Structure formats: C-alpha cells, structure tokens
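Welcome, and thanks for opening the viewer. Please load the model below, and we will walk through it one selection at a time.

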Amino acid sequence: MSWRWALARRVATLVGGGASGAAQAQRLFSSSGALLGRQFTPPSQIRNQVVACRGATFVSSRWIHDATQYQTRQDGASRAEEQQDPFELVADELSILANRLRSMVAAEVPKLASAAEYFFKMGAEGKRFRPTVLLLMASALKFPVSESTDGGVFGLVASKLRTRQQNIAEITEMIHVASLLHDDVLDDADTRRGVISLNCIMGNKLSVLAGDFLLSRACVALAALGNTEVVSLMATAVEHLVTGETMQISTSREQRRSMEYYLQKTYYKTASLISNSCKSVAILAGHTADVSLLAYEYGRNLGLAFQLIDDVLDFTGTSASLGKGSLSDIRHGIITAPMLYAMEEFPQLHDVVDQGFDNPANVDLALDYLQKSRGIERTKELAREHVNLAIKAIEALPDSDDEDVLISRRALIDITQRVITRTK
C-alpha cells in the first residue's frame, strides 16, 4: 500500500502542473503499469479518483505502518524474552574495561604496581559482577531515538555517554577491589577469589597502600566525569564501606543480636556501592529523579540479596567453591542472618554467641543449633523478597520498544535469579 500512496501523491502533483506535468505523469504511470502488468489509464481520467481516494489511502497506509510497528515491537519483545547469558551480552565491553583498568592502576613504584594490579591480572579479575550489572543498567536506561534524529550527531553523543557510563563501571570495580584488599587485612584472610590473598604474599602494609592507591585512582577518574551529583554519590558509597566495616568490628552485645543492625551494616558494606553506582549511570544519562531512584532500588535490593546468599554459602559452601575459607564469618565472631534467625528459634544460642567463638566447641555448638533451625531457609526467603523488589524496580522503568533495552532489562532480571541460586 505504501508504494500506491507514494505514487498517488506524485501523480496528483504532476497533473496539477499543466500539460508538461500531465506528460510526466503519463510516463510515470506507463512505466509503473509495465512493471506491474497493468493497463495504463490517462491522468485526466484518474485525477478525481486520486483525490477521492487520498484519504482512504492515507488511512490504509497509516494502518499498515501501525501494524508493522506493532509486529516489530512483538518481535523485539519475543527476542527479549529469550534466555541470554547476561555476562555474554557485555563480554566485549568487559574486555575493553579490563584492559583499561590494567592501564589505570599502573604505578611508578614496581612493588606498588605489582600489588595494585594483583586482582586485575588476566584470570584473577573474578566474576566482574558489578561492571556487568552497570553496563546492562546503562543499556536498560537507553533513551528511544527518533527517526528524525541526526544519526551522526546522536551517534557521537551516545558514544560519549556510553564511555562515561563505562567509567562508572571502572570506578566501581576499583573501589570494590580496594575494599577487598583492606578487608583481607582486617580479617587476616589467606585466600581471595580462589588464590592466595595479597596480604599473605606482600604483607599487610603493602596491601593497605595498594587499596589506598586504587581509591586515589578511582577519585581521579570520578573527578574527570565533572558531575558533582555523581561524585557525591560515589563518595558516599566509599564512606559507607568504611562505616559498615567499622560497624562489623565494633559491635555491642545487643547489636550482635539485632537483625536491623545486621541489615544496615550489610547495606553499607555491600549494597551501597552497587546501588549508588546504578543511580550514577541513570543520572549521567539525564534521567528523572524517579527513574534514577528505580535504578538505585534495583542495585540496593540486588546487593542485599547477594550478601544474604553469601552469608548462607559461608555455612553451606566449600572453601574451593567460594574462593575463601568456609565458616570464615563465625570463626571471626561475625553473626550473620542465618545465625540471627537460629537465635530467634533457640534463645539458648544467645549465651553461646556472647561467649564468642575462640573456643572451637562453641563453633560446633552454634552449628548444631543452626542445623536444627530454619535459619538457612529464612535467610534464603529474605533474599527472595529483596530479589522480588529488584525485579519490580526494573518492571517499573519507563516503557520502551527498543530491543536492546528490553534484552538488557531481561538480563538484569535474570541476574537476580542467578544471585539467589548461585553456589559460589
């Protein structure tokens, strides 16, 4: 129908142009008729028909356009529903980020350089969970492009925005690794990500300095973005990491028994960084406060669910699968959700917790109570509640027909399922 409408409009214009126009119209229809195997009708006989059918033709072509657009949306939605590996969707970008990160953490002093790049070397990068989430969030928040938009100008702007959002992923990963280096010193850890921890190889002092160096590099990259709101958000995330760690090592008797205290500490130590990073990605893209808040809520609930499952795996996983020693929390006197729930069911467990876990017999006794309780199951249920809230945040994002946007949102939802079903 679209070719008929275009042809009708062209003929009407030509016929209105006098004898020369009519001649051109005759040639146009002659060639069209030959191509279509139809008999030529002079323009003078069809002019009224063209004018009369113009409205009907417009309606028909509009209907076809709408139907085509609907089918395109359906096809895009169908492809978005297909199960795709979230990490594979951004694999190429992750490789680019990995190379940039290795160059960003280079240092003049050889020992510092070796320490700073320890967890950025090939094979030691870990799951790169946070960069993956942030890159997918950037795609999930992509603005629709008007057909009338200048492709060259838009392409340049979109490319620059994507680079800035990639910078957030890089900054987040540097902050995260810095926190791991510091945590391993505080916890006297001997393994991390399945390899010997940096503090065991180079000592505590160099590990702390390497973490400080990564934070300084993250600050430089953050300042280069030139967005004060984003700088404030990421600085707050770093502050929360310190606050959460301090809460963990300086708890009172009542605080060790409090689920509210535990969840607040967990937000500071784990969820704040990913939630504020997700919000930063939205802000850089120019989204409204409401959309930015949805991005934040996704990150917050994903981060809480991630740590809740991490706390479960500390009891149920193996040292090999976790890349660190199992039962590491309880051996360090850290009380997490599974044990807190067990204490609710067995009040006598409070005395064991108050005595501490320097005595191996107390560890065994606490584990016996945990096995009798629903502590593990209830922690998983709480993780599921936060996962559902994360999914609702994605589903509440503004509607989009863009296939990449839909695929990325589907991937973000898929990640929530991976978080609560993971075994390492």
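Let's begin at Asp-188, which is exposed, with a relative accessible area of 60%. Keep in mind along the way that this is a predicted model. Asp-188 sits in the loop between helix H8 (151-187) and strand E1 (191-192). Now look at its backbone: Asp-188 has a positive phi of about 55°, although it is not a glycine. Most residues other than glycine have a negative phi.

Next, zoom out to the whole protein. You will find 21 helices and two strands. Of the 424 residues, 47% count as buried. The protein exposes about 21300 Å², and carbon and sulfur atoms supply 54% of that area. Among contacts between residues at least 6 apart in sequence, 74% join residues at least 24 apart.

Now select residues 289-316, helix H14, together with residues 375-395, helix H20. How do their axes cross? The two axes come within 8 Å and cross at roughly 160°. An angle over 145 degrees counts as roughly antiparallel, and H14 and H20 are therefore roughly antiparallel to each other. H14 passes H20 in a left-handed crossing.

To see what makes this contact, show the side chains:

- On H14, pick residues including Leu-294, Tyr-298, Leu-302, Ala-305, Ile-309 and Phe-315.
- On H20, pick residues including Ile-376, Leu-382, His-386, Leu-389 and Ile-394.

Finally, color the contact by class: H14 with H20 has 17 nonpolar, four polar and two charged residues. Glu-297 of H14 and Lys-380 of H20 are among the residues that make the contact.

Methods
Residues are numbered from 1 along each chain as its sequence is written. This is a predicted model: local features need pLDDT of at least 70, side-chain atom pairs count only at pLDDT 80 or more; totals for chains, interfaces and linings use all residues. Side-chain values use heavy atoms; hydrogens and water are left out. Helices (H or I, at least four residues) and strands (E, at least two) are DSSP runs, numbered from the N terminus. Buried means under 20% relative accessible area, exposed over 50%, partly exposed in between (1.4 Å probe, protein chains only). Axes are lines fitted to C-alpha atoms, for helices over the stretch in contact, and angles run from 0 to 180 degrees between N-to-C directions. Angles under 35 degrees count as roughly parallel, over 145 as roughly antiparallel, 65 to 115 as roughly perpendicular and the rest as oblique. A crossing is left-handed if the near helix is turned anticlockwise from the far one by less than a right angle, and right-handed if clockwise. Contact means heavy atoms within 4.5 Å. Ala, Val, Leu, Ile, Met, Phe, Trp, Tyr, Cys and Pro count as nonpolar, Asp, Glu, Lys and Arg as charged, and the others, Gly among them, as polar. Accessible areas come from the Shrake-Rupley method with a 1.4 Å probe; for residues, only the protein chains shown count as cover.
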